Each structure stands twice: as structure tokens, then as C-alpha cells.
Amino acid sequence: MKNELILILDFGGQYNQLIARRVRECNVYSEVVPYNISLEKIKEKNPKGIIFTGGPSSVYGKDAPRCAEGLFDLGIPVLGICYGMQLMTYLLGGKVAKAEKREYGTTDVSIDNNSLLFQGFEKQNGFLMSHTDFVEKVPEGFKNIGSTLSCPNAAMENTKKKLYGIQFHPEVNNSVNGTQVIKNFLFNICGCTGDWIISSFVEESIAKLKEKIGDKKALCALSGGVDSSVAAVLLSKAIGKNLTCIFVDHGLLRKNEGDEVENIFRNQFDINLIRVNAKDRFLSKLAGVTDPERKRKIIGEEFIRVFEEEAKKIGTVDFLVQGTIYPDVIESGLGKSSVIKSHHNVGGLPDYVDFKEIVEPLRDLFKDEVRQTGLELGIPENLVFRQPFPGPGLAIRIIGDITDDKLTILKEADSIFREEITNAGLHKSINQYFAVLTNLKSVGVMGDERTYDYTIALRAVETTDFMTGVWSKIPYSVLEKVSSRIVNEVKHVNRVVYDITSKPPATIEWE
Ligand code: XMP
């Protein structure tokens, strides 16, 4: 079955992924494509509707991005957001002008709630405006359906051609009920029914994987992270024991984590799992190394070596499974905005394993959809909602050189911190929290004894994208309990400090 599709033409705005996610939250499948996608490609994809994103350009700029000519004549409904609205105006003969000053922030927009786009809305609504250019005159055949004090045409429609423009950003949380505007576009204007549901995605992908792989062999590197776990379980449902997972345990995971991962995959899902306990190997390579970047490099390289050795024992496999997800694909430069980084999962095939083809079953999913898929597949909640954990693991949370003793100290302290955060019910609101073993020793007193021991730092941040974040205002009573438990229960720690720096200027990790 082919799902209803909304195409999102990427004009370089910062909220493009968010628009795609909002559409999917309304149970309609969406894809982000470059702004200049050809008419043939569009027709081939046969979307129910098209959304133009915002973008930093001005329509009069020399290299202003434009959609393919004739797009507005395809009879497909279009919603232009911000730059998208201005472009629609410009291409259809209206007038775009430059305002004297930028309008920014949640702004009262007066709207015509008779429009299908604004059905169910009050006449005044707070929406996020962020623009300098604005539509001075709507094109022929269009009607004004919204304005603000400084923007005469904040929304417009041509109902006959099903073309709509809005100057504000419905996709961000600052726009009250913004998602409802998107919903109205999808259901009232494009005629979508909302057929994108995770349970059918799971069913369909298992069927597709079965067909593609048949009785050939696939190999998957399992880290215990959400993406690789969900990819592995999906594959195993499709091809059973023809899937082999290799779990390289570098010994730098959190307390009990290696065993938990093994237990879930071996016992709950009966997956063909090879666990390689390589802690000694990693620790000996890391001995005496203090530079964070060197630690990362050594771990990355050693990881490949171990994986390669194990894979060689299996011999040639037909498919290598990768947990690439949709944001990786978008960020790798599909659209215009997005040549930010070239993600290692996309395009670059590892040359150290003998395989014929790559399979990426989560390539079309956003992170929250990967999580829903995981739940649908029966993966336990604590794994599905696991906080991010860096590949190099605890190695970058031990400042200075890494030893087995230090690892033990950190694992214990970190486990106490995580346990108390969960006990206090804070584990869902704090996005990442962990302990760091600093290389600072200080004087303390325990009973009548003088001590000279380590300092543990606690780190907890609230963030949506992990690019920026604020330190979490954990109640003093919780911090007090954590601190007292750590110094009482963890040998060689006599001081606990709490990191009250946001990102920027600090990073989330200490190394
Ligand atoms: P920073 O410390 O840069 O971290 O603010 C942002 C997010 O990235 C994670 N992180 C890593 N993840 N390998 C990873 O897989 C790494 O080397 C690495 N360094 C940081 C960090 O945990 C946070 O979620």
C-alpha cells in the first residue's frame, strides 16, 4: 500500500524538519525534498499536497531559490510558509516588499476564520512571525485572509487553485494551535485521511524486508542505542536467524548495561547475538591516554577492529544493516539548507566488512517514530526512551586517564544519580543526566579520618536538539540525597559538585 504523501520543498529555513514532523504527527507521511525538484518527479511521487518552507533568501535576490515552473498549475494544493508565501506571491504576479524593520516574535494575527485553513480558530491568534520581507499585494485571484498591525497580508488564499500562503510559522510551539493550521491544510484542503500509522509501517516494512532479503544473510552492529536496537528487532522479525548481531562491549558502558542489552536481545527476542567482551583490549589501548580526541579516535578504531574480526569469522554476508534515520538523511544535504555535516551513516559504506548491500530500515523515520516503532515491536520502554549515550561511553566522562578502578567508581556514582532521578520522577523531563569523574582530588573527613579522594560532578541538561541546552534545576532535596548516597556508598569519592553551566558556552559532556 502506498501512503498519502505531502512533499515539503526545502527553501533553506531552519524549521524544515519540524514541518515534516508536524505533518507526520497528523498521521500523514511527509518527505523533505530540494526546492527545485522537477515537475516530473513531483508527478511521479503523486503527493496530496505540497508545502513550501521558509528560508533566509529574498525573492528579489540574485540566486533566490525557486520552485520548478508550472508547479502551481499541477492542481496540487500548495501551502507557502514565510519565504514560501513570498515566492508564491512573486511568481504569480503579486508584490513583495521589504519592511523597515524585522517583525519577530509571537504576534497577534487577525484571520478570516471562514477560510478552510483557519476553520475552528478565533479571529485573533498568537502566531510566530519572523520576517523582513512581506507580501504587499496578493496575486490576482487571491484573497487576503490574515493580517497583523505591521503586515497587511499575513495570510492569503486562492480557493479555486487551492493555493495558500501564510507569513507566520505554524510549525513552532510559539504558534498557539499552529499544528491545527497544518491539520486544516492536510485534511480540509488536500483531502488527506491520515493513513500514516506506525503499526502499519511495522507490518509493511517487515513484509518488504522479507521480500528483499529472502533467505540471505544480514549482519548488524548492535550498540544498545535506540536506532540500532529497533533496526535489529525489525530485521529479526523479518528474517529470524538469518540475522546476526554483533555487540561489541568495550567495557565503557554504564553499570549493568552490557548484560541488559544481551538479555533483551538474546532472551526476549531470540536474536542470533554475538557479544564480544573486549574491555581489556580497549583499556589497554587507552592506558595513559588523557586527550579526549585521542580517546575518541582510539575507541572508534578499536571498535572497527573488533567488529571486523568477528565479521570475518562469519564470512561474506549479503546485507549490512544500518540504523540510519531520517534526520541523518536530511542533514546529509538532501535539501538546500542542509549541507551542515555529512553524516557517517549515509553514503559512506564501511569497507571493512564483506557485504554486498546495505539495508537501512529506519531511513524514513524521525526519532520519535523510531521510538514508537520500538514500542510497537515490544522493545522495553527503558531502552526505547534511553537517553543519548556517546559512542566512546564512559571514557569521555572520566577526565584524564582511564583505569578499571576509575570506571568502577564512575559506574557506581552514575547509577545512584540515575536511580534517584527516576525515583524523583524527573527522568522524563531531563533529557540527559550523568555523573562525571573529575581528576580532582580534595581533602575530606570521614568519621575521624582525613580523606583525600575524588570529586564527582553531576551533569543534567534540558534540551530538544542537544545543540543547545540549559542546566536542569533539579530540586535541592534530590541533589542532597544523590550527594549523600554517593559519598556514603561509593568508595574513593568524598565530594560531589553540580554543574550549573548551560550549552553554550559549555558542552553537555565534559570531554
Ligand atoms: P556535547 O558534549 O557536544 O554533546 O554538548 C552533544 C550530544 O552529543 C553526545 N556526544 C557524543 N555522541 N560520540 C557520540 O556518539 C561522541 O563522541 C559524542 N560526544 C558527545 C552527547 O552525549 C550529547 O548528547
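Helices α8 (residues 279-286) and α9 (residues 292-314) pack at about 145 degrees, and their axes lie 10 Å apart. The model is predicted. It also holds a ligand, with R296, Q432 and E509 among the residues around it. Cis peptide bonds occur from K503 to P504 and from P504 to P505.

**Helix packing**

- The crossing of α8 and α9 is right-handed.
- On the α8 side, R281, F282, K285 and L286 make the contact.
- On the α9 side, the contact residues are K295, I298, I299, E302, F303, R305, V306 and E309.
- By class, the residues of this contact split into 6 nonpolar and 6 charged, with no polar ones.

**Ligand site**

- The residues around the ligand are R296, P388, P390, G391, P392, Q432, F466, K503, T507, I508 and E509.
- This shell divides into 5 nonpolar, 3 polar and 3 charged residues.
- Which part of G391 comes 3.0 Å from a ligand oxygen, backbone or side chain? It is a polar backbone atom of G391.
- Q432 uses its side chain: a polar atom there is 2.7 Å from an oxygen atom of the ligand.
- On its own the ligand has 500 Å² of accessible area, and the protein covers 69% of that.

**Cis peptide bonds**

- Most peptide bonds are trans.
- K503 and P504 are joined by a cis bond, with omega at about -15 degrees.
- K503 is also one of the residues around the ligand.
- The bond from P504 to P505 is cis too, with omega near 10 degrees.
- P504 lies in the segment after β18 (493-498), and P505 is found in the segment after β18 as well.

**Positive phi**

- Most residues other than glycine have a negative phi.
- What is the phi of N46? It is positive, at about 50 degrees, although N46 is not a glycine.
- N46 sits in the loop between α2 (39-45) and β3 (49-52).

Definitions and conventions. Residues numbered from 1 in each chain as written. Predicted model: local features only at pLDDT ≥ 70, side-chain atom pairs only at ≥ 80, totals over all residues. Heavy atoms only, no water. Axes fitted to C-alpha atoms, helices over the stretch in contact; angles between N-to-C directions. Helix = DSSP H or I, 4+ residues; strand = E, 2+ residues; numbered from the N terminus. Left-handed = near helix turned anticlockwise from the far one by under 90°. Contact = heavy atoms within 4.5 Å. Nonpolar A, V, L, I, M, F, W, Y, C, P; charged D, E, K, R; others polar. Near = heavy atom within 4 Å. Polar contact = N/O pair within 3.5 Å; in protein donor to acceptor, adjacent residues only side chain to side chain. Areas by Shrake-Rupley, 256 points an atom, 1.4 Å probe, with all protein chains shown as cover.
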